[in-house]
Amino acid sequence: MQAQQNMNLLEPFVAFRRSLFRVLDCKESILEHLLESACILRKGSQFSLAAAALHELKLLFGQSEKLTTSHTYLLGRLEEAKVLRAQGQNEMAISLGRYIIQDYKMDEEASNVHRLIGKWLSETRSSNSRTILDQYLKHAVELTEQSNSRDQKSLSRQCQTYFHLAHYTDGLFKSYEERLASSEWQATLRLRKHKTREMEALIRGLRSSRKGEKVDYSIKIQELQKQLTMFREEAEKLQDDRDKFLSLALEAYQQCLVIGGKYDLRVVFRLVSLWFSLSSRQSVVKAMLSTVKEVQSFKFIPLVYQIASRLSSPRNSQGSNSFQKMSIDHPYHTIFQLLALANGDRIKDKQRSRNSFVVDMDKKQAAEDLLHELYSHHGRVIQQMRQMVEIYIRLAELETKKEDTNKKVALPRDVRSIRQLELVPVVTASVPIDPSCNYVEGSFTYFKGLTESIIVMNGINAPKLVECFGSDGHRYRQLAKSGNDDLRQDAVMEQFFGLVNTFLENHRDTRKRKLRIHTYKVVPFTPSAGVLEWVNGTIPLGEYLLGSNRNGGAHLRYGAGDWRFSQCREYMANEKDKRNAFIKVCDNFRPVMHYFFLEKFLQPADWFERRLAYTRSVAASSMVGYIVGLGDRHSMNILIDQATAEVVHIDLGVAFEQGLMLKTPERVPFRLTRDVIDGMGITGVEGVFRRCCEETLSVMRTNKEALLTIIEVFIHDPLYKWALSPLKALQRQEETDDDLSSSLESPNYADEGNKDAARAKLRVKQKLDGYEEGELRSVQGQVQQLIQDAIDIDRLCQMFPGWGAWL
């Protein structure tokens, strides 16, 4: 009765609305608005509201038989199928899609419907691969190719169709590869060999057997021949299918890159990953050469370090061909890498004697050959770049006295007199990629010289703080560094962080939370020298908490009656019962990090916003640092931005769990000590921190293929033996004299580099798959385990005292 009364009340409104449609003659636009609303609501996971909008759409269409054949009505039914799929109603979504194909006349939407059904069938594994490919995904590609339309929407749809075909066939290829590499298949091959030997023995027996025995031998031989034929046919079919799927994937990936740009990042990384892992297969090499010719070179710029690592002599290598095209089109994004490779043997005698670096002369020669070829295209650019690189190398390797530390030192006269280099960008400034390859004057900030003095910074290698003049009128602060650590690892690690930032930006939930890793530019020039971007407005976490001499800072201001840092360190070093010692130190050393926000941000809104930014930043950097096994996270290697409160990680030389090789192994996944947690407020690691960790880890696990491709550079670039040797581990935590270093460093360590890199990549893959302590975990379970390990007293108390686990 009540329902009937409500309907009666609504009747005047419905009648008015219908009359309004007739008067304004705008029914079609209202329908389009409802369709667009349903799409937006579905993407926002508001499925009930999306279904309500579609229901209203169908009611309006029900007024006219003609409208049900319109393009908007067709899109409405397709959107209905998408909503069903989003709600987990897979069978209903697929059935509705098939119904649309059979009962509605479609033109440009036909390929879209076929693509969606193929995609849904592949994701739910509810049909065989032949059906999915032939009836849906391949057919969708054929339909897009038949379309005469070349507008942006049609090209985007065609790109999307090629991507889903490539992604599905690539998945099939990987499953076949895994099957052929499985222990079960290897057992089958061993059985096949055994049967082959058995048949050969029977054939020999048949030849020497008596007349009455020949029949028995013949029967057994025939049975074995049938079994071996079945084995051979199965193996040939598996290999043929695998090769067919690989060929389809490579071709579709190439077309996806040629036609559009929506999937560039994912496709380029996957293509290069296939190229690296299957470079011995001629089909893959030919496909990559074709792709390099057809695809615009700027799409490969994000992988410039990885492709450079494939350079070799003679010059017909695949890496050289692809890098040559990129260098001609985009000199400002490639030539610095070539110069660094050409300088691969420029190592100080002191470092050479320690054998910290391994020179690959093939790569050096290939880089020099390629630079020589590029002179006809960019001769003046290369000449000026060489000039600037020499200046920075000289500054990085400039010998200084101990008393010069933290003081200004005048530049050598010849360096001071250097003129502006109008063809060379400021090395730490960003040069936007121009797809048209037209880098004209004014498209980047060029180098105008250096200030008259530098500041010698504190450190074992005395890095120099340099100020560079840019053509835009700004001064760019840079750190010229030379030492026993290879900056190429830092450069690739920053590249990894930048890639993670791209994925975080592309994901709705992480973008909403502004999750990102604070990065800075690193440009290597030799195995031992390079330039780093100076991160302005930051202060080391340890300097804020303890002061520059580790005896002041916030702990001195707010920790009245507490122990000094030096007292805590000495107590931890001398006590044998580390657990009880750590508990006692914590009782006498209270966290004070929350005062940072009270001091720096006086307005309540700013205080809240910056504390939130800090918590999110620590969460994102902790997860990314864990995945790459970033160690040596003492309080001076973590900076905090005094304007945004975001953290910045520097000194990335101990990565891929090499912290376990230190004299005192690091057994925590990231730094989550009491002061770090204290800055997050009363909720600590719960709430914001935990949720942001889960979101960051989830995005990285989704994009693991692209992230693993970055890691592969360490396997394919043996220029730097990056693994932390026992000697380097010793040097990290205590001072060692030069005689001891030279006597302990063995040439055998260099040979282990690639093995260590392969093991590191495997461990990164396990983390991205969710394996912890040999068990597969969900994202939430993995984050819970990591947080528990990071704050575990039994782990923290065993850390090297200088790391400051109580801080």
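User: How does the span of helix H12 (residues 282-294) agree with its 13 residues?

Analyst: At 1.5 Å a residue, the 13 residues of helix H12 (residues 282-294) should span 18 Å, and the end C-alpha atoms are 18 Å apart, which agrees. The expected span is 1.5 Å times one less than the number of residues. Helices are DSSP runs (H or I, at least four residues) and strands are DSSP runs (E, at least two), numbered from the N terminus. This is a predicted model, in which local features need pLDDT of at least 70, side-chain atom pairs count only at pLDDT 80 or more, and totals for chains, interfaces and linings use all residues. Residues are numbered from 1 along each chain as its sequence is written, and side-chain values use heavy atoms, leaving out hydrogens and water.

User: Which residues of H12 are buried?

Analyst: Buried means under 20% relative accessible area, exposed over 50%, and partly exposed in between (1.4 Å probe, protein chains only). In H12 the buried residues are Val284, Val285, Ala287, Met288, Thr291 and Val292. They cover an arc of only 165° around the axis, so they lie on the same side of H12; the arc is that of the directions from the helix axis to the C-beta atoms. Exposed Gln282, Lys286 and Lys293 are on the face turned away from the buried side.

User: Which residues touch the most other members of the largest nonpolar core?

Analyst: In soluble globular proteins, nonpolar side chains tend to be buried together. A nonpolar core is a set of buried Ala, Val, Leu, Ile, Met, Phe, Trp, Tyr and Cys residues joined through side-chain atoms within 4.5 Å. Here they are Phe336, Leu450, Phe496 and Tyr614, of 216 residues in the largest core. Helix H17 (residues 361-396) gives the largest share of this core, 15 residues.
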